[in-house]
Amino acid sequence: MKPAPFEYHRPETVAEATDLLAEFDGAELMAGNQSLGIVMANRLATPDHIVDINGIDEIQYVDADGEAVEVGALVRHRDLAASDALAETLPMLPEAADQIAGPVVRNRGTLGGSIGEADPAGNYPCVLVTLGGELELASASGRRTVDAADFFVAYMVTAIDEGELVTNVRFPTAPYPPERTGMAFLEQKPAAQTWPTLSAAAAVRVDDPGAADPVVERARVGLANAADVPLRVPDAESEVEGEPVSGGALDAAGEVAYDAVDPQPELHADETYKRELAREYTKRALRTAYERATT
Amino acid sequence: MSADNTPGVEERPTRDVTLTVNGEDLSASVEPRLKLSDFLRQHAGCRGVRVGCEHGVCGACTVSVDGDLVKSCLMYAVQTDGSQVRTVEGLAEDGSLHPIQEAFHEEHALQCGFCTSGFVMSTQALLSENPDPSHEEMEDHLSSNICRCTGYQNIYDAVERAADRLEDLDVDP
């Protein structure tokens, strides 16, 4: 339960960090260390070099003023959960952050760490894929932007290259005007400290929240831990678009989700149970998002 | 236990760190892989920091670093250079138990006691932020700590008693 020896580096800028990654083959990035620390304690990872990015101020910010919401990779779950600006513009993100593990983990764990880990049960990967976010990656040779839909490749595998780090993520805000959009992120998990068995994310934009039966203009649905990557379910979205949300439309969206997922069976959650969770949580997330959009 | 490629002790890199533990400055030369939990026990004499699971699950090693509650087995001492660390040893003053410690005592909120310093530190952080937590808020906050003896009810009772005591005394946790 003690990690193997490693050399420690603490860069203060992204450029210093990427230079270190280029210099030391196989160096691991360390942010909040709430997952890497476990893996290293169990000697499932024994990196020779650790690049501790906790001192890089330039990737610790939330900017919700522009045409997109931009969040630095080193923002911690606790600070995302408490962000008034995000609660106003992109409430799915703080709602997802606030449900990660327990408060002590949330004090340290970061957005970028969770994205880089790319566990399909992770909250942020699901939010990114659901809302159509993109990621900015930096390396010693430059920067590039990758759509979230292309970033998560397979179970804990991403499109990131050796030598790259995630510096920030961006979410479009134009599709989600706060005054007529509702969002929800709902987890099913047996205990606070564990990973969720399944989570559902939904965003719903209506035409007129004051109308008797507001019509859904746009819906987004995503599921976590329902496949080997975070899974957006476009066919469930189209079931509720173009009309007011009704029980029948929600049932139809749930059935689509039941069929769309490809879940790994777990000790206390076999495949059928997880399909049933996908159905139920798709309905609940859409209903909650619709209610939030219309009140 | 050591694999063939593990360097000998004399070849391993070390770093100098200086930090403040319970108000006292402390300098040491440490291997980067030394966990803060082990550092606090071995170099700072803080045996109240319990080393339980050593991978972030049990919460027995919970301490405060620069005002934030952390699992000290998921930090390395090298990361706390320049930091202010507070452990359960920093709560009692002049040999008198802190009101939270008293409350744990009075409510029998422990049996074997292994988890207690972590729970006390978590309670201290909770009551600092939220002097009058609901039962649900207590459950949520203390979900970072595991007790395998008491079944938690006496711990929640102790948190309530501590909250009342601190309010009566009109002091910050």
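1. Helices (H or I, at least four residues) and strands (E, at least two) are DSSP runs, numbered from the N terminus.

2. This is a predicted model: local features need pLDDT of at least 70, side-chain atom pairs count only at pLDDT 80 or more, and totals for chains, interfaces and linings use all residues. Residues are numbered from 1 along each chain as its sequence is written, and chains are lettered from A in the order in which they are written.

3. The buried residues of H11(A) are Ala249(A), Leu250(A), Ala253(A), Gly254(A), Val256(A), Ala257(A) and Ala260(A). They cover an arc of only 160 degrees around the axis, so they lie on the same side of H11(A). The arc is taken over directions from the helix axis to the C-beta atoms.

4. In chain B, helices H2 (residues 99-106) and H3 (residues 116-129) pack at about 130 degrees, axes 10 Å apart. Axes are lines fitted to C-alpha atoms over the stretch in contact, and angles run from 0 to 180 degrees between N-to-C directions. That makes H2(B) oblique to H3(B). Oblique is what remains after under 35 degrees (roughly parallel), over 145 (roughly antiparallel) and 65 to 115 (roughly perpendicular).

5. 26 residues of chain B are in contact with 25 residues of chain A. Contact means C-beta atoms, placed from the backbone, within 7 Å. S4(B) gives the largest share of chain B's side, 4 residues.

Notes: Buried ≥ 20, exposed ≤ 12 C-beta atoms within 10 Å, placed from the backbone. Contact = placed C-beta atoms within 7 Å.
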